[in-house]
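Open the model in your viewer and keep the selection tool at hand. Each stop below tells you what to pick next and what is there.

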Amino acid sequence: MAPTTIRKASGDKVKTDRKDARLLSVTLASDGFRKGYLPAPSDESTKEFTRTRNTLKGHLKKAKQNLLSFLLRVGMPYPESGNYWTDKHRNWLDTLSFNNRMLQLSFDTLWHEVKDLEAKIANLDAAIEEIANEDRYKER
């Protein structure tokens, strides 16, 4: 039983074993508790898997910022008004080319990093969707 599920008076700050035992016995006798859930090892691995996805989302955000910052530094901001990362913006990115080999290589590296991270996240999302459809994770 989780300690936070035990009801006690708001002013009761003194904590002793005797008071705790009495409170536990009264709570258990009156069914005034909620069951706690102890995650199975497979649940822990699922949590790690979703944490990996969230980590990659953070990397993707940073990669997008890096690409946009690069384009601003080299004087090639997005010429259209509107939002970044729309289909129109992506098509514009696909058409960019630089006369300088080093700038082109830098741009290609940054743009491919964004695309790679998006692909990895899409793969993880598909796997998470499969996991979510398993019987153990369906709402009861």
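Select helix 4 and look for its buried residues: Gln104, Phe107, Leu110, Trp111, Val114, Leu117, Ile121, Leu124 and Ile131. This is a predicted model. The cover over these buried residues of helix 4 includes helix 2 and helix 3. An α-helix has 3.6 residues a turn, so residues three or four places apart point the same way.

Now check the length of helix 4. It has 32 residues. From first C-alpha to last, helix 4 reaches 46 Å, close to the 46 Å expected at 1.5 Å a residue.

**The whole chain**

Zoom out. The protein has four helices and zero strands. Read from the N terminus, the elements run α-α-α-α. Of the 140 residues in the protein, 21% are buried. Take the contacts with a separation of 6 or more: residues 24 or more positions apart account for 58% of them.

**Helix 1**

Select residues 17-29, which make up helix 1. Asp31 follows helix 1 and has a positive phi, near 55°.

**The nonpolar core**

Next, select Leu67, Leu71, Trp85, Leu93, Phe107, Trp111 and Val114. The largest nonpolar core has 20 residues, and these seven touch the most other members. Helix 2, helix 3 (87-95) and helix 4 each supply at least two residues of this core.

Stay on Trp111. Leave out residues up to four places away in sequence, and Trp111 touches Leu67, Trp85, Arg90, Leu93 and Asp94.

Then pick Lys64, in helix 2 (residues 41-73). Is Lys64 buried or exposed? Its relative accessibility is 19%, and the limit for buried is under 20%, so Lys64 counts as buried. Beyond its neighbours within four places in sequence, Lys64 is in contact with Trp85, Arg90, Val114 and Glu118.

**Back along helix 4**

Select Asp116, which lies in helix 4 (residues 101-132). Asp116 is partly exposed, because its relative accessible area is 46%. Asp116 and Leu60 are 56 residues apart in sequence, while their C-alpha atoms are 9.1 Å apart in space.

**Aromatic rings**

Show the rings. The count comes to five aromatic pairs. Tyr78 and Tyr84 have ring centres 6.0 Å apart and planes at 50°, so this pair is tilted. Tyr78 is buried, with a relative accessible area of 11%. Tyr84 is partly exposed, with a relative accessible area of 42%. Now pick Phe70, Phe98 and Phe107. These three form one aromatic cluster.

**The cavity**

How many cavities of 30 Å³ or more are there? The count is one. The largest cavity has a volume of about 50 Å³. To find it, select its lining: Leu68, Leu71, Leu72, Met76, Pro77, Tyr78, Tyr84, His89 and Trp92. Both tyrosines of the tilted pair, Tyr78 and Tyr84, are in this list. So is Leu71, one of the core residues with the most contacts to other members.

Colour the lining by element. Helix 2 and helix 3 each supply at least two residues of it. Which helix gives the most? Helix 2 does, with three residues.

Select His89 from the lining. His89 lies in helix 3. At 0% relative accessibility, His89 counts as buried. Set aside residues up to four places away in sequence, and His89 touches Leu68, Tyr78, Asn83 and Tyr84. Leu68, Tyr78 and Tyr84 also line the largest cavity.

**Last stop: the loop**

Finish on Glu80, in the loop between helix 2 and helix 3. Glu80 counts as partly exposed, at 39% relative accessibility. Glu80 and Trp92 are twelve residues apart in sequence, and 9.6 Å apart in space from C-alpha to C-alpha.

Notes:
Residues are numbered from 1 along each chain as its sequence is written. This is a predicted model: local features need pLDDT of at least 70, side-chain atom pairs count only at pLDDT 80 or more; totals for chains, interfaces and linings use all residues. Side-chain values use heavy atoms; hydrogens and water are left out. The expected span of a helix is 1.5 Å times one less than its number of residues. Buried means under 20% relative accessible area, exposed over 50%, partly exposed in between (1.4 Å probe, protein chains only). Rings of Phe, Tyr and Trp (its six-membered ring) pair if their centres lie within 6.5 Å; planes under 30 degrees apart count as stacked, over 60 as edge-to-face and the rest as tilted. Contact means heavy atoms within 4.5 Å. A nonpolar core is a set of buried Ala, Val, Leu, Ile, Met, Phe, Trp, Tyr and Cys residues joined through side-chain atoms within 4.5 Å. On a 1 Å grid over the protein atoms alone, a cavity is a set of points where a 1.4 Å probe fits but cannot get out, and a pocket is an open set with protein on both sides within 12 Å along at least five of seven lines; lining residues have an atom within 4 Å of a point. Grid points are joined across faces, edges and corners, and a volume is the space filled by probe spheres set on the points.
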